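Hello,

Here is the structure I said I would pass on. Please have a look at it first; my notes follow below.

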Amino acid sequence: MPEGETIESWLRKECQAGLSRRYGTVTPELQARLDYELDVICRMGYAGYFLIVADFTAFAREQRIAITVRGSAPGSIVTYTLGITPVDPIHYQLPFERFLNPDRVTMPDIDVDFEDGRREEVINYVSRKYGADHVAQIITFGTMLARAAIRDVARVVGMTYGEGDRIAKAVPNQLGIRLDEAIETSPPLKEMYRNEQPVRRVIEFAKQLEGVARNASTHAAGVVISREPLTELMPLQRATNSDSVMTQYEMHGVDALGLLKFDFLGLSNLTILRQAVDLIREHRGEEIDLEKIPLDDSKTFELLASGETTGVFQLESAGMRRYIRDLRPSSVFDLAAMVALYRPGPMDNIPAYIRRKHGEEKVTYLHPLLEPYLNRTFGVFVYQEDIMSASTALAGFTGPEADMLGYAIRKKKAALMRDMREKFVRQAAERGVKPQVIDAVFAAFQPFERYGFNKAHATCYGLIAYQTAYLKANYTVDYMTSVLSAFRDNEEKVAAAVAECRRLGIDVRPPDVHRSFVEFTVEDDAIRFGLLAVKNVGEAAIESIIAAREADGEFRSLADFCARVDLRLANKRVLESLVKVGAMSRFGHAAQLLEALDDAMAAGQAAQRDRTSGQTSLFDIGSSPEALEKPLPQVPEESSRERLRWEKELLGLYLSEHPLGALSEQIAQYVTAYSGDLRDESLDGQRVVMGGIVTALRTVVTRNKETMAVATLEDLQGALEVVVFPRMYAISGGTFAEGAILLIAGRVDHRGEEASLLADAVWVWEDAASLGPAAIAQEVAAGERGRGGRRPPSGAPGGNGYGNAGSGNVQAYVETAAPPSSVAPATSSAFPGAPSPSAARTTATVPIRVSPLRGGGVAPVAGTPPAPVAGAPASSPIPPPSEPLSSIPAPEDLATLAPEREEPPLPDEARAVAARASDAPTAPMEAPVSGILNVRFTRGAETARIVLAMEELRAVFKERPGATRVVFHLPQAGGGALPMEVRGGAAYDAELLAEVRRRLGEGLVHLELSTPGRP
């Protein structure tokens, strides 16, 4: 601290200077907001925390390290004036209390994102500044989960790997599931547990190991800074995989000691932005300041409206591309809203938001006093802060009280939720709000229990999305070069980026020892492949190659290359890889070079030994290198197929050409998804049409002695597994041959992080091409009608059916698929994930739309999405600065300000739900003696959704114990349901029914009362 200053006074001075710097004219409203926040921060004793964060973020900017801040911290004008965040909380209307609430004492949490390759530089700076003994990263412990515990115990008791694997795979693939819960929810595991004594023994031992710490590693982000040496506060140890120090207490123990945790996070998209800005400076001579780029750039919004958002932060997934194209955003506010809406909680509000933006649905508000808060989102609840705004406007909550309500909802604090709801209902009613409006507002809050974004976080991410789109639209080659460099270790992402470059008309040139550098580089208006992206080629070998050519010019021949490059670093494996990918094609074709490689390396090694020992070579006494070089052997050139195989193996993609390259534009007219799209879990269970070449095929014999197959299908963006069940394989098995180009329709199935396609129809490409896109689309629609849109639950017997395919332990598949003439999904609207014809991904004449909602229906939609808006969109006006949320005065007479209708206005979807609810029979309010509460699930619902619903229901029943027995009825693939009684009972009443509806919504769960003998 400067002499004569306290931490608090220095923070105030820094913020006051930043206020003038950021806003120019300091208005009374701005000063009031700053004074309010500083008073809260200083009263809570956090002034030093803000100054430390401001210091290391300033260091990062001085070193040209790209940074941003995620989470709720951008809602503070203090963080904005200190230069910590780039987001103006006044312009974006961000409340401070969501970040720091004086009534709910929690540690402040400023999550700072740095470009992932330079995060360590900032941590090292902090360590130097405050002392290595005052700074440490935080430890985290990996615990033994259900599957791992089973596998370890099975190995110890002498079971074979296959036996242990069989038991482990019967545990549902759900994060954090306990073995007791797994036995209840997995019929195969329950059967093994009951009937096989060795399995029961393994599981009982494994239960005792669940949750035991198995390994220690370094926390991905957490760093602790202390006033005293850390050794006086806690034990330390060397960090894993580095020379730094980490605590032996995990993050909750660190909190318990009263120490603040600083989050240093890495974000690859910031690396992309910084590298792109550097490339633009080097090759165009333009200096780009991303915080000062225009936020109304027409080219940027045209790009976003096209849906071609490969490489654009947060907008790359298939579902997001569909929505962003329908939305046709015209401001950063739209991008922030879409980033927030595309989450499990508010996702159902996306269609209403899009319709209202384009005037297809009237913008209404559940209450007129909500309009000032929800006008930017067209009356739709989008952010966690919308809960705070509604409670302030309707119930007169202070900012801290509003945050407390939001906290209770998003953290599912049942007791706190009841208290806050009672207070909301009472105060809103006292202020004249109608009961039906109160109910409708609380119903709008409920989806945020399932996870939603806060507005500050969404705004930061919306800005990064805009910045990446801006660079892609205006500096395309430089930006895509940066994308390729950032993802060079991810074959799928590199393949997708190269495919995008081809779509954009950018030439991606192969690696070349004369032109390539370590990373991808801009070369004229093309991109040159970086040598580090070639498998088996390390950075030291590349640096030797670059140093040799910079010292003595380009290489004249293979022998010259081997004589000049350090062969201790560039060994035979490195050189073979470079030859196979065409990096030495100037010397001769690959077959010749591989044949001559041993002799060239031997001569090169001899020359290098002579130079090292000081001996004079024949080169030095006047003989020319050409005279000593042997001519390359005359051998046939490698086949095109072999060359492509090498490229795929060593680069992860086909670069010089693709087996499907000549057909890409034609195939694009038929397909509705590419392999890269299937990473989007919102497509799970949806029916898509894909096209590609079969590169591998294996057959499996099921328990029922039927043959099925698993094929590897490769398209322009990567590869995926296609599962062909017995019935399908019997009909079309001969079609799935290696090298065959096929169109395949089927359901997307996610297993952990992997996705596969469950095929139910297939066309050989020649047959599909002769029929044409319109005819195929008609067969697609007819096939979906024939199927009835059903899909067995993926975790039930007969679900996806292929379980442990590798070992041949495959369940029988109960198919509902029609013959190959019946394909694909459900609508007559243009599939939003497929781009325009000019983008080389043309939709079919009568294509399909895949619902982005897990388990959601797929409804017919007439027409096609409107064309993108031409020209520059109007920029959004900057609103006047607002007061702190907690200081907004309450209206004196609510009824005068907001005369109400009898029913609150609702979006179409909510109106339909309300109509169904009004037609439903009235549920009894009391359970009969010995009554049974039967919990039934909608048939066809995904297993994952059912399991999550069961967890929620168990929590509800545990909170309300009583005498009514509860029985879950789990839907089975072949029809019927498996009853499973819950331990203990529940107190059945109207409050229980309301709580179930509040937590799970409508449609998935049905509660029915019965007496014994009448289930």
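Predicted model: local features only at pLDDT ≥ 70, side-chain atom pairs only at ≥ 80, totals over all residues.

T468 is found in helix α22, which covers residues 455-474. Leaving aside residues up to four places away in sequence, T468 touches L273, G311, V312, F313 and Y479.

The next helix I looked at is α23, residues 476-486. Helix α23 lies across strands β9 and β10, and runs at about 25 degrees to β10.

Those two strands belong to an open sheet of 3 strands with the order β8-β10-β9 and mixed pairing. The edge strands, each pairing on one side only, are β8 (508-509) and β9 (521-523). Strand β10 takes in residues 526-528 and runs antiparallel to β9, with 3 bridges joining the two. As background, strands of a sheet pair through backbone hydrogen bonds, either parallel or antiparallel.

Now the protein as a whole. It has 1015 residues, and 53% of them count as buried. There are 38 helices and 19 strands. Taking contacts between residues at least 6 apart in sequence, 70% join residues at least 24 apart. The accessible surface comes to about 43600 Å², and carbon and sulfur atoms account for 51% of that.

Regards

How values were computed:
Residues numbered from 1 in each chain as written. Heavy atoms only, no water. Helix = DSSP H or I, 4+ residues; strand = E, 2+ residues; numbered from the N terminus. Buried < 20%, exposed > 50% of the residue type's maximum accessible area, 1.4 Å probe, protein only. Contact = heavy atoms within 4.5 Å. Areas by Shrake-Rupley, 256 points an atom, 1.4 Å probe, with all protein chains shown as cover. Pairing = 2+ DSSP bridges. Axes fitted to C-alpha atoms, helices over the stretch in contact; angles between N-to-C directions.
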